[in-house]
Amino acid sequence: MSDQIHTASPGFATGQLARALAAAISAGTEADRERALRKVRRWEDVVSGMAGGTLAVGSRTPVADTPAWVTLEVAHGGFATGRYLAEVPLSEDETARVASLPDEVPGGNERERLNLWYLGDAGQAELLDAVRAGRFRVEVPEDAALPVVALLLDRGFPEQALDLVAELRPLMHRLRLAPRFEPVARPSDSAVRVASVRDAAASLRAVRVPAQLAKMRAAVTVWDPLYDRLVALWCRTVDGELPRLGEDGSVHGGWPCRTWPADWTAERAQWLADFADMCRTVAPSGRQTNPKNNFARLRRALESCPHDSLGLTAREVGWIRRAIANTVSRRGAPETEQRGAWHAAQAATVMAPTNAALARVLASRLDRFPADGGLPSLDVATAEVSEAETTAEIPCGTTMPDRLVRKAARALEAPADELVRLGVITSGETLAAVLPQLTSRLLSAAIDDPVVAGLHEQTYTAFRRRRGLLLLNLEHQVQFTELPWVQALAPCKSPQPDNAEAARRALRQITMLALTAFPHAMLPNPLVTEIRTLAKQAELELPLVEEVAVDIFMGTFTTKWRDAATVASRLLSGTLYANYYDLPADWSEPQRTLLRWGKQTAADFTELCRQRAGTTGGSTAANGMLLEQSQILTTHNLAVLVDALDLTEELSERAPGLAGRTFSWIVRRQAQRTDHLHAALIQVKNTAYAWRQALFLLSFCEPSVQMSLAVGLGTELRDIRLVPAVEGLLQVLEGERFTPAGTMGRGNGRRFLGWARGTHPFLAHASGKSQ
């Protein structure tokens, strides 16, 4: 097989650039436009870099002459833009520091002079004072580099410090290599948080009054009072009873334009002036501008009557009479109890405290806490509006809406399972985003020195914020231990006997939390990364595999996929999952071959995936079929984790409920309407993945429970496209097996898979569309 190096196609990048430009043109607000323009800039950098040969997208070192450890700006899809995130202008504090440096401090620019000054005695002392006091912030991993140099020299490791300086020296003129000198509030013990107080308060302040509600409020507070005055003006010109509508819609009563009070002309002029002022501050709606609306008709008529109605035709006077009749019959005459009651009802509907006003109150409460910290409890968010917080719009005792409480709860510091229960962590991706806060503490526990441990902890958390690159040729993402300053800290580490056990406990908790909170979802790649880190800390070598995108699949698998499949076949032998998916009963000795790009691959595993999928790959659909078979054979990490962490008994207790919840998710997902083919294909794929999760969980249930859940699912799906899938499941439970084509020897039962070439059988069953 060829060792040809593959690179990413620029087509995706140019498409993203076009979409970003369109978004910038159509942006509704200035903030939206700014976001769109930032995307435009990123994608322009990507496209120009790929065209000019300075970017090799698909490599773990995509930027020319740049080490892998440099933190890059990465656009959607893993495309590096060529920019360094640590290459930033000097802050005000840094500018002041550079201005105070002696002339003899070398350097070609201000950034290089500052970095070199930190290598001197005074600079090292400043760094050491900051890290000892915990008064530093690592925003990107590079911020920790020079503090590590200072700590190594202080702790008596000059060789490691000099080696690190040699690694950093070529980029000292570009990169910020020292932290911000400000304290960082971090959750303690097992607590994590999704967002900081600053971010939660910002999201609250971003809440706006919906445009439709704003129009309704303007109508009640601005235009309705003006309309009442307009109607009252014309009513004063009526001779006799005010016009009203009869049951048949005809107009009865007196006629307008028959009597003209002495002050009518002055009141008319005042109304027109007030209307013009309002139009300058509040945009008129269709009611004020629609020529057929009563408001617009009465206003135009008023403009034509400076003193009397000589400028009006008889038809126009008739329209004035009907307009008065319409509003008087519906709402009552001006200044009457009936009209007042109508206005009160309208105001009660739209003048209740808005979420935007309450969000500002809640944001002000959050301002009392450290901006970069979290909330110790939700009491601050759930408390009613106090007397001190009362405004003209918000009465005392008003309850905070759940929607706003949830926004504030993103800053709550609590164990991950508590945040899941509260609905703050709503997906495996969010769980993965908060886990570095916990993992960093466990990793740093291997360092006796609390100062070094604190720096190590912040560095790890910052590293996990790096966005992954799009990688081809079986390359892997940069690891935390590849950072030169992290490697240099190795002499400071002294593994403690109980640290591995603590990591193992955390790994069990996180794995069970992911399985129980989101049983329908595969473990996302960021979560797999955190689990792998915890496993290494627990001294467990686990063959954990990632989800591979179909458009970058290289047509082969490394050996860890085969290792994971071996565990799955052993753990699930004789179970529903093994019978449904026809897992291999036994794996022979591994056939490991040094194939492309010097990576060790599993030829037999790759070949088995091809045989089961009936394709060698190449197209999107064919690659998807191959990758799905790899996920089936490995259970996408579930078997490996359950086996290594001895979770069988604990999972068996919860499996019936989890399988039932997963089936319920499948029913809801399949019931959603999909009008586009692409959306329908994604729906089928995600449902098939959830189906696989459900069968894994069912395999830990008693046979009677398996049959009961399958029968119940069949009842719920009676009129939905998955009927053949349920029939196939029931037949497997009864002892039958699928043919190699995924069908049954009798009946309509079919194995449910997410990918297919040509017409997808489950998609066609519902809509008649083809893939």
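## Cysteines

The closest cysteine sulfur to that of cysteine 279 belongs to cysteine 305 and lies 19 Å away, too far for a bond. A disulfide requires two cysteine sulfur atoms within 2.5 Å, and a search of the whole structure, which is a predicted model, finds zero disulfides.

Cysteine 279 has a relative accessible area of 28%, so it is partly exposed. Cysteine 701 has a relative accessible area of 8% and is therefore buried.

## Overall architecture

The chain has 771 residues, of which 49% count as buried. Its secondary structure consists of 33 helices and eight strands. The C-alpha trace spans about 105 × 90 × 55 Å along its principal axes.

Contacts were also sorted by separation in sequence. Of those between residues at least 6 apart in sequence, 70% join residues at least 24 apart.

## Helices α6 and α20

Helix α6 covers residues 145-154, and helix α20 covers residues 450-463. Their axes come within 11 Å and cross at roughly 165°. Angles over 145 degrees count as roughly antiparallel, and α6 and α20 are therefore roughly antiparallel to each other. The crossing of α6 past α20 is left-handed.

On the α6 side the contact involves Pro147, Val148 and Leu151, which meet Val451, Val452 and Leu455 of α20. By class, the residues of this contact are six nonpolar, no polar and no charged.

## Valine 138

Valine 138 sits in the loop between α5 (121-133) and α6 (145-154). With a relative accessible area of 3%, valine 138 is buried. What does valine 138 touch, not counting residues up to four places away in sequence? The list comprises Asp143, Ala144, Leu455, Gln458, Thr459, Ala462 and Arg465. One of these partners, Leu455, is also a residue of α20 that takes part in the contact with α6.

Valine 138 and proline 584 are separated by 446 residues in sequence. In space, the C-alpha to C-alpha distance between valine 138 and proline 584 is 49 Å.

## Helices α15 and α17

The crossing of α15 and α17 is right-handed.

From α15, the contact uses Asn355, Leu358, Ala359, Leu362 and Leu366; from α17, it uses Arg403, Leu404, Val405 and Ala408. These residues of the α15 and α17 contact divide into seven nonpolar, one polar and one charged.

## Asparagine 637

Asparagine 637 lies in the loop between α27 (620-634) and α28 (638-644). Is asparagine 637 buried or exposed? Its relative accessibility is 1%, so asparagine 637 counts as buried; the cut-off for buried is under 20%.

Leaving aside neighbours within four places in sequence, asparagine 637 is in contact with Leu523, Val528, Pro543, Leu544 and Val545.

Technical notes: Residues numbered from 1 in each chain as written. Predicted model: local features only at pLDDT ≥ 70, side-chain atom pairs only at ≥ 80, totals over all residues. Heavy atoms only, no water. Helix = DSSP H or I, 4+ residues; strand = E, 2+ residues; numbered from the N terminus. Buried < 20%, exposed > 50% of the residue type's maximum accessible area, 1.4 Å probe, protein only. Contact = heavy atoms within 4.5 Å. Axes fitted to C-alpha atoms, helices over the stretch in contact; angles between N-to-C directions. Parallel < 35°, antiparallel > 145°, perpendicular 65-115°, else oblique. Left-handed = near helix turned anticlockwise from the far one by under 90°. Nonpolar A, V, L, I, M, F, W, Y, C, P; charged D, E, K, R; others polar.
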